[in-house]
Amino acid sequence: MTDESYIKLTLEIAKKGIGFVSPNPLVGAVLVKDGKIIGAGYHQKYGEAHAELNAINSASENVEDSTLYVNLEPCSHFGKTPPCVDLLLKKKIKKVVIGTLDMNPLVCGNGIQKLKENGVEVKVGILENECVELNKFFFKNVTKKSPYITLKAAITLDGKIADGAFQSKWVSSTASRKQVHKLRSEYDAVLVGANTITKDDPQLTVRLVEGRNPKRIILDPQLKISTEREIFRSEKNVILFTSAEKRDSAKVKSLENLGVKLLYLRVDDTKKFHLKTVLKKISDEHIASVLVEGGAKIFTSFVRENLFDEMQIFLAPKLLGNGIPFLSDFGIKEMSKARKLFLHSFDKIDEDLLLNLRK
């Protein structure tokens, strides 16, 4: 097998940690000796053993003089676990092949330097783009101190997310909704506005696929949603942002009794939150990725302030005419100044088209 083949294997192994390791990165490791794999492991849960240690512990023979393949630079600092670089040196690993540098300032390049200084052969940059893509949530969070933001919407061909009565069930196909549930299982949190809770009464959980439920974030400056909504009846992992002026209201006590975590922010003159402040608070909750699911005002706010990283758009072959548009005015008046995105990938899901768009 080639270096690329082994790194590709580490990526597949690393994916087993999706939904369990955040805000840590997804890491897989493979040990090879005399042309055969003698061990493999991945980072399984936040705060627990890293992939390198799990690979070494799984080894079928002595790991001395073996080659370690890993999709991310081994850590060289003390965190919740000891430095992986020290372990590799102790175990006398001969060579380390790395997919990409760790962008964490505490690590970036330091692990590689320490390995080289101690006589370990190091090769870096194998399938680098694929390795960076796998940990896009982690890299954004650790470098920008802000969660990775994806806007997810199901829209008709004429750009509507609901009819004039705010009914959106169902714009997209069952297969597309299953894909949405898969997305939810991969993100730390989903976020919606109060209007979406009031009009759609969603659960925002993972039901159509296997996977862990994300935290659910509601932006409700005026604290107007009813405590009888479905979102409060399932898992108690709801975070609700509301105005600091509402801190002592009776509804706050009711929500706290339902297990809701309330976070208070000041609102501007239009009774809205500053989104950058919201995202800072979300990051403080150790949330590294957010799937924004609506509604139209929320989508428009994120686009207006350029506070998103990608879009997942489920385009349904339907025409509605009158209805609620995906986006409203966000300040652009001329075609020449239109916000440009690029098509990262696309996929046909049943009769729908899934577009992955990046900035």
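Visitor: How many positive and negative side chains does the chain have, and how far apart do the centres of the two sets lie? And where is aspartate 3 placed?

Guide: The chain carries 56 positive and 45 negative side chains, with the centres of the two sets 4 Å apart; Lys and Arg count as positive, Asp and Glu as negative, while His and chain ends are not counted, and each charge is placed at Lys NZ, Arg CZ, Asp CG or Glu CD. This is a predicted model, in which local features need pLDDT of at least 70 and side-chain atom pairs pLDDT 80 or more, whereas totals for chains, interfaces and linings use all residues. Residues are numbered from 1 along each chain as its sequence is written, and side-chain values use heavy atoms, without hydrogens or water.

Aspartate 3 lies in helix H1, which covers residues 3-14. Because its relative accessibility is 14%, aspartate 3 counts as buried (under 20% relative accessible area, with exposed over 50% and partly exposed in between, using a 1.4 Å probe and protein chains only). Leaving aside residues up to four places away in sequence, aspartate 3 touches Tyr69, Val97, Lys123 and Ile126, contact meaning heavy atoms within 4.5 Å.

Around this residue, the chain holds 11 helices and 16 strands (DSSP runs numbered from the N terminus: H or I of at least four residues, E of at least two). The C-alpha trace spans about 65 × 45 × 40 Å along its principal axes. Of the 359 residues in the chain, 51% are buried. Among contacts between residues at least 6 apart in sequence, 69% join residues at least 24 apart.
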